Amino acid sequence: MRSRAAVPRLTFFLFLLFLPLALSSSRPQWVLQRVPVVLPRQTMAQPAPHFLSPARLEVSSRCDPECHKRAPRPSYWDLQDLLAYETLHSNGQLTETAIGIYGYNPNPNTSPAYSSGSSGKSERSHVRRKRQIFGHDGRFSIAGQNFLLKFPFSVSVKLSTGCSGTLVGNRHVLTAAHCVHDGKNYVKGAQKLRVGFLKPKQRDAHLSSSYFRTNFTNHVEGGPAPYIQPTNDKMKFQWIRAKRTHVPKGWIKGNANDIGMDYDYALLELKKAHKRSHMKLGVSPPAQRLPGRRVHFSGFDNDRPGQLVYRFCRAGEETSDLLYQHCDAQPGASGSGVYARMWDGRRRRWERKVIGVFSGHQWVERQGASQEFNVAVRITPLKYAQICYWIKGNFVDCREG
């Protein structure tokens with residue numbers, strides 16, 4: 001029989017996870033900065049896509065994190081090409097939009113929120129070979145309406161193509177580009193894309209909450225966190241069709257094997273507004289400024305059907321566009337919004353913001369061996385400006401991130 005001491009220990013852990021650290025003398029703070037402006041210039045119709053491939057991501061690259069760091073920064077003209085975007089409409093129409101960039105300073109040292117200010121030495125990356133779980137499975141299945149309908153878990157949604165996404169507006173979902181486009185064409189189901197909101201059925205909600213507490217307590221105490229087969233009749237999805245899908249041209253490069261993950265993000269606009277809270281966007285700070293250097297995200301891992309799965313972990317190496325981290329994940333979690341929780345000095349409160357998109361796993365050739373990395377796409381100032389414009393429809397509301 002499990003000791004009653006598990007309950008106060010769990011309570012203390014949840015306190016650290018969800019409540020403000022009022023006694024902290026050095027609060028990690030969001031640093032607001034002036035971001036560039038990304039505006040559409042010209043939109044042209046494109047040939048209708050074919051919707052041939054399933055939503056998968058298998059990237060083979062010879063460029064590891066150190067290789068990415070040594071790569072030359074894209075020029076202003078390169079960035080205009082990379083941030084141009086395609087829009088897939090629900091009626092099958094496809095358009096391409098050229099963009100202009102204004103107020104952009106390419107010097108990385110001018111952005112206090114974006115530049116790490118490190119000496120160039122980075123932590124040695126943790127290598128994983130053909131697996132997606134490190135030792136103990138550090139994921140937590142969230143069950144019961146007391147948790148599923150509570151922020152931040154309530155912002156996680158499922159895509160009909162098999163990926164996850166995050167609510168970032170009243171009608172908008174941030175996800176990974178590979179969930180809708182394989183680099184050559186749009187994937188099967190992208191034209192009739194739907195977004196699912198997980199809702200528990202009322203029956204036996206108490207047992208669902210008990211399962212979450214047991215699973216959470218086992219992990220906190222360092223013991224095993226056994227997986228219990230979910231009871232699917234207690235969960236259901238409410239689906240909303242996507243009206244538009246925006247994908248940056250940086251992801252669309254003609255050859256799926258040559259795709260880099262730097263632009264693996266997409267934004268969906270729903271046909272009707274949802275009734276949940278959404279999570280704000282934020283410019284990705286350097287990993288060393290994150291509380292405990294931790295990142296968090298929740299998604300719908302395929303090995304736990306019908307369940308929302310939460311995880312957090314320590315961030316590892318980073319480049320200007322990518323964040324390498326060691327969070328346990330399985331297929332289906334890609335597209336989840338990676339977020340952090342820091343103090344908002346202007347609003348005088350703790351706030352969570354989406355700072356990246358979980359892309360999945362990248363295979364690279366390193367020292368003659370194939371190695372696998374867990375990767376998230378960072379929201380840079382330019383990406384923030386672009387995604388924010390997609391959501392707001394104007395640049396005035398997107399000048400600070």
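A disulfide is taken here as a pair of cysteine sulfur atoms within 2.5 Å. The model is predicted: local features need pLDDT of at least 70, side-chain atom pairs count only at pLDDT 80 or more, and totals for chains, interfaces and linings use all residues. Residues are numbered from 1 along each chain as its sequence is written, and side-chain values use heavy atoms, with hydrogens and water left out.

**View 1. The disulfide between C388 and C398.** The S to S distance is 2.1 Å. The torsion about the S-S bond of C388 and C398 is about -80°, so this disulfide is left-handed. C388 belongs to helix 6 (residues 381-392) and C398 to the segment after helix 6, so the pair ties together parts ten residues apart in sequence. Helices (H or I, at least four residues) and strands (E, at least two) are DSSP runs, numbered from the N terminus. C388 and C398 are both buried; buried means under 20% relative accessible area, exposed over 50%, and partly exposed in between (1.4 Å probe, protein chains only).

**View 2. The disulfide between C163 and C179.** By the sulfur distance rule the count comes to three disulfides. In this one the sulfur atoms are 2.3 Å apart. With a torsion of about -95° about the S-S bond, the disulfide of C163 and C179 is left-handed. C163 is in the loop between strand 6 (156-159) and strand 7 (164-167), while C179 is in the loop between strand 8 (172-175) and strand 9 (194-200), so the pair ties together parts that are 16 residues apart in sequence. C163 and C179 are buried.

**View 3. The disulfide between C313 and C327.** The S to S distance is 2.1 Å, and the torsion about the S-S bond is about -90°, so the disulfide is left-handed. The pair links distant parts of the chain, with C313 in strand 14 and C327 in the loop between strand 15 (322-325) and strand 16 (337-344), 14 residues apart. Relative accessible area is 10% for C313, which is buried, and 1% for C327, also buried.

**View 4. Strand 13 beside strand 14.** Strand 13 (residues 294-299) has five of its six residues buried. Strand 13 pairs with strand 14 (residues 308-318) in the antiparallel sense over six bridges; two strands pair if DSSP finds at least two bridges between them. G299 has V309 of strand 14 as its bridge partner.

**View 5. Aromatic pairs, with F237 and W239 among them.** The structure holds ten aromatic pairs. F237 and W239 form a tilted pair, 5.4 Å centre to centre with 35° between the planes. Rings of Phe, Tyr and Trp (its six-membered ring) pair if their centres lie within 6.5 Å; planes under 30 degrees apart count as stacked, over 60 as edge-to-face and the rest as tilted. F237 is partly exposed at 25% relative accessible area, and W239 is partly exposed at 30%.

**View 6. W343 with W350 and R27.** The W343 and W350 pair is edge-to-face, 5.6 Å centre to centre and 75° between the planes. W343 is buried at 8% relative accessibility, and W350 is buried at 14%. R27 lies over the face of W343, 3.9 Å from the ring centre. A charge sits over a ring if NZ of Lys or CZ of Arg is within 6 Å of the ring centre and within 35 degrees of the ring normal.
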